[in-house]
Amino acid sequence: MANHKEQENDLTQEESTDRIWELAKQIDVCMFATWDGEYTRARPLSARVQRKEHSIYFLVNDDGAKNDQLKRYPKVTLAWSDNSNYKYVTISGPAVVSNDRAKIRELWEKTDEAWWDNSDDPDIRLITVTPDDGELWDSPGKILATAKMIVAAVTGAKPDIGDNAKVDL
């Protein structure tokens, strides 16, 4: 996939790639979308974004329906949304469920205790997503974007409310 642009922006492919990884890490919780053979299913999950490893990790329960869906249909889409600042990111790629105990311990955070007692809980599984491509919509902020939309509505011009870019990751 080439660097497609849906609207003009000043970002290079490298800058777009950097911004996608940055926003995904910054926003944290994403909608994790799978395919069950009939419908797309999405649920919010906390993402452990590790750009240096070219991976995004998720700690999940062993008995989740998403795990079975990934065995049959391993391609996923992750969608992050910061509505208050008009910043959005999607990343797509294959996902694998594993029982990598060392990685689970490495990724463990205090907030995970809301779901499990500790990192040694035998019901925890690791989902690893290897990004293929991503897209961002990056506004300069809600106030400026709203002002530009109002001006566009009055003048009839198309509003320029930020950058949009698709890139290979």
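## What lines the largest pocket

The lining of the largest pocket in this predicted model holds seven nonpolar, four polar and three charged residues. Here Ala, Val, Leu, Ile, Met, Phe, Trp, Tyr, Cys and Pro count as nonpolar, Asp, Glu, Lys and Arg as charged, and the others, Gly among them, as polar. Of the 14 lining residues, L45, S46, L59, W115 and W116 lie nearest the centre of the pocket. Strands β2 (40-46) and β4 (55-61) each give at least two residues to this lining; strands are DSSP runs of E with at least two residues, numbered from the N terminus.

A pocket is an open set of points on a 1 Å grid over the protein atoms alone, where a 1.4 Å probe fits, with protein on both sides within 12 Å along at least five of seven lines; lining residues have an atom within 4 Å of a point.

## Two faces of strand β5

Look along β5 (residues 75-82) and you will see its side chains alternate.

## Partners of β5

β5 pairs with β1 (residues 29-35) in the antiparallel sense over four bridges, and F32 stands opposite L78. Pairing requires at least two DSSP bridges between two strands. With β6 (residues 87-98), β5 pairs in the antiparallel sense over eight bridges; here W80 stands opposite V89.

## Reading the numbers

Residues are numbered from 1 along each chain as its sequence is written. Local features need pLDDT of at least 70, side-chain atom pairs count only at pLDDT 80 or more, totals for chains, interfaces and linings use all residues, and side-chain values use heavy atoms, leaving out hydrogens and water.

Note on methods. Buried < 20%, exposed > 50% of the residue type's maximum accessible area, 1.4 Å probe, protein only.
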